[in-house]
Amino acid sequence: MGGGSSRNKTEPRGEGVKLAFDPDEKWSNLYREREKNHLYKWVGVRKGGELINIYERDGEEGVLKFAEEKLLTILYDDGQTPKLVTYSDYIKWKKGVNVQLGLSEESIDMQQSRFKEHFALWKLNKRGVEGENLIHLLLNREQQVCYEIARILLKRFPGMANDIYLGDEQFGEHIF
């Protein structure tokens, strides 16, 4: 056994030599950014979340109160009118996310052919690290309670139905 080294391990090789990409670094940065983002506290990726607790305790009225207190500043025009998201808006957002995650900007140029201008209600700079908003997180959980909360929020803010998930895996797909 012995002397072999991992392909992903980064070892200094002299001045000017690029170090190997460490895939674990991307995941640790992603985890760190999710810990800081309020969306994942409101609706956990797999379980829990403040908004789910509010719904279970206070029902639709609690969700609407939460929306008025927390969501209006995160939505364009206080949730009244969606804004056209252009390719330049997307690039600016994507570069910021890549900086947060410690990734290169090489993959951004490949996205242009897949990006489609669209109207959105949720501000780009207030989305999750994968380009998701609260509705995307709720629907991704595939639980009846989450579907009900999403229904309440979409009824209050119908413009959110136009928001597109901007992550690499489901890029450009509508939530419905």
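Before the first stop, one term: buried means under 20% relative accessible area, exposed means over 50%, and partly exposed lies in between (1.4 Å probe, protein chains only). This is a predicted model, in which local features need pLDDT of at least 70 and side-chain atom pairs count only at pLDDT 80 or more, while totals for chains, interfaces and linings use all residues. Residues are numbered from 1 along each chain as its sequence is written, and side-chain values use heavy atoms, with hydrogens and water left out.

**Stop 1: a partly exposed pair**

Select Lys83 and Asp89. They form a salt bridge (a side-chain nitrogen of Lys or Arg within 4 Å of a carboxyl oxygen of Asp or Glu), and their closest N and O atoms are 3.1 Å apart. Lys83 has a relative accessible area of 33%, so it is partly exposed. Asp89 is partly exposed too, at 23%.

**Stop 2**

Now pick Arg151 and Glu60, another salt bridge, with closest N and O atoms 3.8 Å apart. Arg151 sits in helix H6 and Glu60 in helix H3, so this pair ties together parts 91 residues apart in sequence. Helices here are DSSP runs (H or I, at least four residues), as are strands (E, at least two), numbered from the N terminus.

**Stop 3: a buried pair**

Are Arg127 and Asp163 buried or exposed? At 4% relative accessibility, Arg127 counts as buried, and so does Asp163 at 0%. The two form a salt bridge whose closest N and O atoms are 3.5 Å apart. Arg127 is in the loop between strand E2 (118–120) and H5, and Asp163 is in the segment after H6, 36 residues apart. Across the whole structure, a search finds 7 salt bridges.

**Stop 4: the nonpolar cores**

In soluble globular proteins, nonpolar side chains tend to be buried together. A nonpolar core is a set of buried Ala, Val, Leu, Ile, Met, Phe, Trp, Tyr and Cys residues joined through side-chain atoms within 4.5 Å. Select Leu51, Leu71, Leu134, Leu153 and Met160, which have the most contacts inside the largest core, one of 29 residues. Helices H2 (39–42), H3 (50–71), H5 (134–140) and H6 (144–156) each supply at least two of its residues, and H3 gives the largest share, 7 residues. Finally, display Tyr76, Val85, Ala120 and Ile164, which are among the 11 residues of another core, apart from the largest one.
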